[in-house]
Every structure is written in structure tokens, then in C-alpha cells.
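This report describes selected local features of one model.

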Amino acid sequence: ESVWLASTSISFDISGLELFLPLVTGGCVVMASADQVKDAEALVALINANEITHVQLTPSGWRLMLAAGFAAAGVTALVGGEACSPELARELRARTQRLVNVYGPTETTIWSTCWEVPEETESVSIGVPLANTDLYVLDSNGRPVADGVSGELFIGGAGLARGYMGRADLTAERFVPSPFGPAGSRLYRTGDLVQRLQDGSLRLRGRRHRLRCG
């Protein structure tokens, strides 16, 4: 019964969600053409014509869709890849069945956390870890911080990449030994500052510092 829109370039890891999740769960995939991806009105028409149930876009992509008249009461919308403002979340939530804010660096393979956005929200959380994902909020000495205190987010678990191909120096900088898991386990240091809220969800607070990426 699920019909997913595939509109992301296969060079971007989140395309794996659009292509493989519906196929391994018995759903359908509707693939947007290169021309349709560049035209928000064409994407809106594609969604309506195929009764698509799940659409994944960045906040900037969703703004284009809203400007093109997107409104689909039966759609579950996923928003990720950039910070989602409360204003965008409220507008998008009002035009969809469900809205899920998702977060995850490419180095931890597609998404690492999710949060279902309520109809009225004053702030946007990145939520709680997905299955087989470990999250740690640590201070500059690698110690866990208390709830409500900002710290750097470190991610471990099954989605962790092996590292950067041909970049041993960068791999060593970003993929660090985990003091919390078995011998040989590692964590990815995101550089993102977060706070853990009382309900266990996380809220982004900015960047700790600029990490080298190339």
C-alpha cells in the first residue's frame, strides 16, 4: 500500500531509503525523471497522479514544493539533510498526514534519528536513535554531559561507515575509538552540538567547530 517517490540522486546516500525500503517491505517506487526533479510543479503533479504516500526532501526542497502548491493529506513527509525551522514544520504538517524530521550524517548511513512532528510545535527536535544506532552527547574530554547541557554528538552502531576511502588521516580524525562499546568499536564525531531533553530526544544547538572534510 506504500508508494514512495524516488527523486534523490543515487550519489546521495538517502536515495537508498527511497529505493530499497519500499521494495524490501512490499511497497512501490515511483521514479522521478531528471526533468521532474528540477521542476517542483512537475513533482507535485507526479505525486498526485500516482497517489504517492511517502516523500523525502530537504527543507529547501519542501519550500519549493509548498510554493508550487503541494498539499497531500495522505502523504507521510520526511524532512532532513538541513535544519528544519518550526515555521516550515508547521506549514508542512498542516498539508500532510504525517511529518517526520530525520537526521543523520552520510558517515552513519542514511538516517540516525527521527522525530514525528506534532501538529503544533514551537521547536523541532531531531528525535531519538533508530534501531541499532547508539548516540552519545559528550563534552570536550569525551565524558557524557547531563540532560539539558550542550555537548558534541557522537554516533555508533550498525550504520557506521568504515571510513573515508584513501583518507586514513581524516578517518582517524572523525572515526574515534568508543569507550562505551566492546574492543574495536568506534564512534563518528559529528561536530554537531546537541542537548538531550528530558524525554530522551535531542535538539540541535549548532556546530562545535569546523571539521576538515576534504
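Leaving out residues up to four places away in sequence, Ile47 touches Leu5, Ile52, Val55, Met65, Phe70 and Val75, where contact means heavy atoms within 4.5 Å. The model is predicted: local features need pLDDT of at least 70, side-chain atom pairs count only at pLDDT 80 or more, and totals for chains, interfaces and linings use all residues. Residues are numbered from 1 along each chain as its sequence is written, and side-chain values use heavy atoms, with hydrogens and water left out.

Ile47 is part of helix α3 (residues 40-49). Helices (H or I, at least four residues) and strands (E, at least two) are DSSP runs, numbered from the N terminus. With a relative accessible area of 2%, Ile47 is buried; buried means under 20% relative accessible area, exposed over 50%, and partly exposed in between (1.4 Å probe, protein chains only). Val3 is 44 residues from Ile47 in sequence, and the C-alpha to C-alpha distance between them is 9.4 Å.

Helix α5 (residues 86-94) has Leu88, Ala89, Leu92 and Arg93 buried. Seen down the axis of α5, these buried residues fall within an arc of 125°, so they line one face of the helix; the arc is that of the directions from the helix axis to the C-beta atoms. Glu87 and Ala94, on the other side of α5, are exposed. The packing partners of the buried α5 residues are α4 (59-67), β4 (72-79) and β5 (96-103).

In strand β9 (residues 151-157), 6 of the 7 residues are buried, so the strand is largely enclosed by the rest of the structure. The table lists two pairings of β9; two strands pair if DSSP finds at least two bridges between them.

| Strands | Sense | Bridges | Residues that stand opposite |
|---|---|---|---|
| β8 (residues 133-138) and β9 | antiparallel | 6 bridges | Leu135 and Ile155 |
| β9 and β11 (residues 186-196) | antiparallel | 4 bridges | Ile155 and Tyr188 |

Ile155 is also one of the residues that Ser112 touches, residues up to four places away in sequence not being counted. The side chains of Ser112 and Thr108 are joined by a polar contact of 2.8 Å. A polar contact is a pair of N or O atoms within 3.5 Å; within protein, one must be able to donate a hydrogen and the other to accept it, and residues adjacent in sequence count only if both atoms are side-chain atoms.
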